[in-house]
Amino acid sequence: MTEMLEQFAAEQADSLNTDQPEIRQLPHNLEAEQQLLGAMLYNNDVGSKVVDQLRGEHFFQPLHGRIYNAIITLIERGELANPITLRHMFQDDEAMRDMGGPGYLVELSSLAVNITRAAEYARILYDLHLKRELIVLAQEMEERGHKSDLTDSASKQIEFAESALFKLAEEGEAGSDFKPFSVALSESLESIEAAYKRDGGLVGVTTGLRDLDQRLGGFHKTDLLILAGRPGMGKTSLAVTIGMNAARAYRPIRNEAGDIVDQEGAVVAIFSLEMGREQLAGRIVSETTRISSSDLRKGSINQEMFINQIVPAAQQLAELPLYIDDTAALSIAQLRSRCRRIKRQHGLGLVVVDYIQLMRPSGLNRTDNRVQEITEITQGLKAIAKELNVPVLALSQLSRAVEQRDDKRPQLSDLRESGSIEQDADVVMFVYREAYYEQKNKPSEDDFTAFEEWQAKMEKIYNISECIIAKQRHGATGTVEMFFEPEFTTFRDLDRDHNPDDIH
């Protein structure tokens, strides 16, 4: 019977063009297709074991795909699927007539294999399907590469390829099966055990900020965390501080065989879509050396500071597991590809994206609806977190509605395109600094009383910043106060026992 199918395929190829050299066929295994279908006809229980992984279009022989779909349709209806019940569905099928008519179904059922082998054949057929899709994609990319189309640049072709591979990869993950609760329970116990063995009892990646870690338990694997704020609040500074603290705390935990099984801290990837990597590095150097960002930018330093502070700090920072990508207008497909590359080459424990509104969806999915585009971006970020098993910290802008209220503390409704961002995020945090707004209320120095009251208030709140946790799937919401140093653009733990008058 296999020989009949091979001969049938060969005759079809010959009828297309007998003058051309032999056509190289796409990867396929007709015998595996036949034996899988035979097993399903012999024992319908086989269908329920492969339906989550296999679809009709995954078969190389179209007739086999139609037979598979028909079997699954009957099984889902609760009806028996065998050569007799399928016969009427294929009486007028031309390809079935070429194979000898509905009697071919009887021949297939005679090729039944046991259920275990059937699952193996399903995996083989699915893998061959993916290989065929890759070959077709490669051929399409070759054809596009040879065309002289000014509107189809090389960068757009790369983006198209990344997007197509991204979709193939997602399809390749669709075959994952249910896991017993015992497996999930075991994984949870491992996390709990790792937490109590670590300093501070954290389950997730440390932020390096004591109160924030205590409230969140660190950043948990597979979580999408949103950090939002109005311009000037310091959200980029806070994200960089967290990234630096996680990188500084990185310690791989190995088993007896020497394999890394867990880690403290994290290997960190920062995607800075707004700020260049040189400017970002300058902020980090300022925080490390305790030399103000302004002095570093203007070169207001002396040789002693450069040799004794900046050079040693740079050498120390160069050893950190921290990677920065400052590509503008990055797409989700590109972000996912680069995260995979970093994880494969260096390991990866935390991804920081600054910021969502500067990202763009895959090139094939551009729309005029920005809410729809943001939805794709946030869903893509969550998918990256789950696939790579790392937390993703994504920054977001807030709408101007905040500025119209007397109390300018942000709310979830202030998120731009808030529906998708709030829905997809596991944690939503806002950065708020009262001093930023109070500075704008500075009274005239001629009004001595008012100016003195304003000055006293500013002294108390100047370095105080709030991290408002507005949503958290793992625990309670609330506000964490932090110490912010604008001179070094960094955040630290707030010492509540310190005299407020000496706070800065």
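A residue is called buried here when its relative accessible area is under 20%, exposed when that area is over 50%, and partly exposed in between, as computed with a 1.4 Å probe on protein chains only. The structure is a predicted model, in which local features need pLDDT of at least 70 and side-chain atom pairs count only at pLDDT 80 or more, while totals for chains, interfaces and linings use all residues. Residues are numbered from 1 along each chain as its sequence is written, and side-chain values use heavy atoms, with hydrogens and water left out.

The protein chain contains 20 helices and 11 strands, where helices (H or I, at least four residues) and strands (E, at least two) are DSSP runs numbered from the N terminus. Of the 504 residues in the protein chain, 45% are buried. Contact means heavy atoms within 4.5 Å, and among the contacts in the chain with a separation of 6 or more, 68% are accounted for by residues 24 or more positions apart.

H2 has 13 residues and reaches 18 Å from its first C-alpha to its last, close to the 18 Å expected at 1.5 Å a residue; the expected span is 1.5 Å times one less than the number of residues in the helix. H2 is mostly covered, since 11 of its 13 residues are buried, and these are Leu 30, Ala 32, Glu 33, Gln 34, Gln 35, Leu 36, Leu 37, Gly 38, Ala 39, Met 40 and Leu 41.

Two packed helices are described by the angle between their axes and the distance between the axes. Axes are lines fitted to C-alpha atoms, for helices over the stretch in contact, and the angles run from 0 to 180 degrees between N-to-C directions. For helix H2 (residues 30-42) and helix H4 (residues 62-76), the axes come within 11 Å and cross at roughly 20°. H2 and H4 are therefore roughly parallel to each other, given that angles under 35 degrees count as roughly parallel, over 145 as roughly antiparallel, 65 to 115 as roughly perpendicular and the rest as oblique. Their crossing is left-handed; a crossing is left-handed if the near helix is turned anticlockwise from the far one by less than a right angle, and right-handed if clockwise. On the H2 side, Leu 30, Glu 33, Gln 34, Leu 37, Met 40 and Leu 41 meet His 64, Ile 67, Tyr 68, Ile 71 and Ile 72 of H4. The residues of this contact between H2 and H4 divide into 8 nonpolar, 2 polar and 1 charged, where Ala, Val, Leu, Ile, Met, Phe, Trp, Tyr, Cys and Pro count as nonpolar, Asp, Glu, Lys and Arg as charged, and the others, Gly among them, as polar.

Leu 168 touches Leu 130, Glu 133 and Leu 134, not counting residues up to four places away in sequence. From C-alpha to C-alpha, Leu 168 and Glu 133 are 8.1 Å apart in space, although 35 residues separate them in sequence.

Ser 331 counts as buried because its relative accessibility is 0%, and, leaving aside residues up to four places away in sequence, it touches Glu 159, Met 359, Arg 360 and Pro 361. H16 itself has 15 residues and reaches 21 Å from its first C-alpha to its last, close to the 21 Å expected at 1.5 Å a residue. Its buried residues are Ile 332, Ala 333, Gln 334, Leu 335, Arg 336, Arg 338, Cys 339 and Ile 342. Just after H16, Gly 347 takes a positive phi of about 85°.

Helix H16 (residues 332-346) packs with helix H17 (residues 370-388) at an angle of about 15°, with the axes 10 Å apart, and the two are therefore roughly parallel to each other. H16 passes H17 in a right-handed crossing. The residues of H16 that meet H17 include Ile 332, Leu 335 and Cys 339, and those of H17 that meet H16 include Ile 377, Leu 381 and Ile 384. By class, this contact has 8 nonpolar, 1 polar and 5 charged residues.

Some backbone details complete the walk. A cis peptide bond, with omega about 0°, joins Asp 354 and Tyr 355, and Tyr 355 has its place in the loop between strand E6 (350-354) and H17. Asn 389, in the loop between H17 and strand E7 (392-397), has a positive phi near 60° in a residue other than glycine, and it counts as partly exposed at 37% relative accessibility.
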